[in-house]
Amino acid sequence: MIIVLTAEHDIDNELQTINSILDAGLELLHIRKYNFSDDDMCQFIYGIDPQYRNRLVMHSHHHLAEKLNLNRLHFNEYDRKSKKQNQYSHTVIRSTSVHSMIDFNQLDNQWSYALFSPMFSSISKPGHGKEHTIKDQLKLRNNQQVQLIGLAGIHSENLGLAYDAGVDGVALLGTIWKSAQPVKSFKNCLIKDHAYCL
């Protein structure tokens with residue numbers, strides 16, 4: 001499984017790129033636009049082909065999900081620990097973020113998957129993951145009811161290493177939005193992903 005996270009800041013031709021990578025086979029797009037107003041968020045969602053609404057995951061503006069016909073919500077570590085997810089219907093598909101295997105192993109089956117980082121040294125956040133990654137923690141996993149999605153520093157050349165370490169899927173950020181050819185970068189990762197998931 002491949003997930004792509006949007007950049008928090010605006011990217012040139014962002015919606016065109018998003019529609020292109022969804023057309024190319026992206027399974028889930030995480031929308032991380034914390035500084036958007038409600039109107040900004042609505043306009044952003046309306047700029048994505050409506051056939052892909054079921055592939056969009058909101059990191060913020062959760063209160064707009066019903067209006068926008070979205071049923072996937074992501075809760076960061078702080079929100080999860082403050083039980084924010086309990087405000088929403090049980091029909092919502094929930095995901096979260098973790099940074100330790102102890103936290104991951106404690107997740108129950110209300111969570112579809114968790115983004116676990118940093119897998120490698122981050123492309124989008126220089127220095128993040130340079131001194132410490134979570135790859136060694138993966139052997140301590142005892143929770144199989146929640147999918148574990150590796151995040152940070154993943155690109156087509158090391159994607160296989162993430163799967164070899166024990167992830168169920170990967171999330172891409174810098175390798176897409178720091179690329180001069182984001183759609184090509186996505187397709188290269190998709191080819192490698194298919195090779196590992198067959």
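Is Q106 buried or exposed?

Reply: Happy to! This is a predicted model, in which local features need pLDDT of at least 70 and side-chain atom pairs count only at pLDDT 80 or more, while totals for chains, interfaces and linings use all residues. Residues are numbered from 1 along each chain as its sequence is written, and side-chain values use heavy atoms, with hydrogens and water left out.

Q106 is exposed, with a relative accessible area of 61%; buried means under 20%, exposed over 50% and partly exposed in between, using a 1.4 Å probe and protein chains only. Q106 sits in the loop between α4 (101-105) and β6 (111-116), where helices (H or I, at least four residues) and strands (E, at least two) are DSSP runs numbered from the N terminus.

Now to strand β5 (residues 93-98), which holds S95. S95 counts as buried, at 1% relative accessibility. Setting aside neighbours within four places in sequence, S95 is in contact (heavy atoms within 4.5 Å) with H30, V57, L73, H74, F75, W111 and Y113.

Some backbone details are worth a look too. S117 and P118 are joined by a cis peptide bond, with omega about 0°, and P118 is placed in the loop between β6 and β7 (147-151). A152, in the loop between β7 and α5 (159-165), has a positive phi of about 100° although it is not a glycine; A152 is buried, at 9% relative accessible area.
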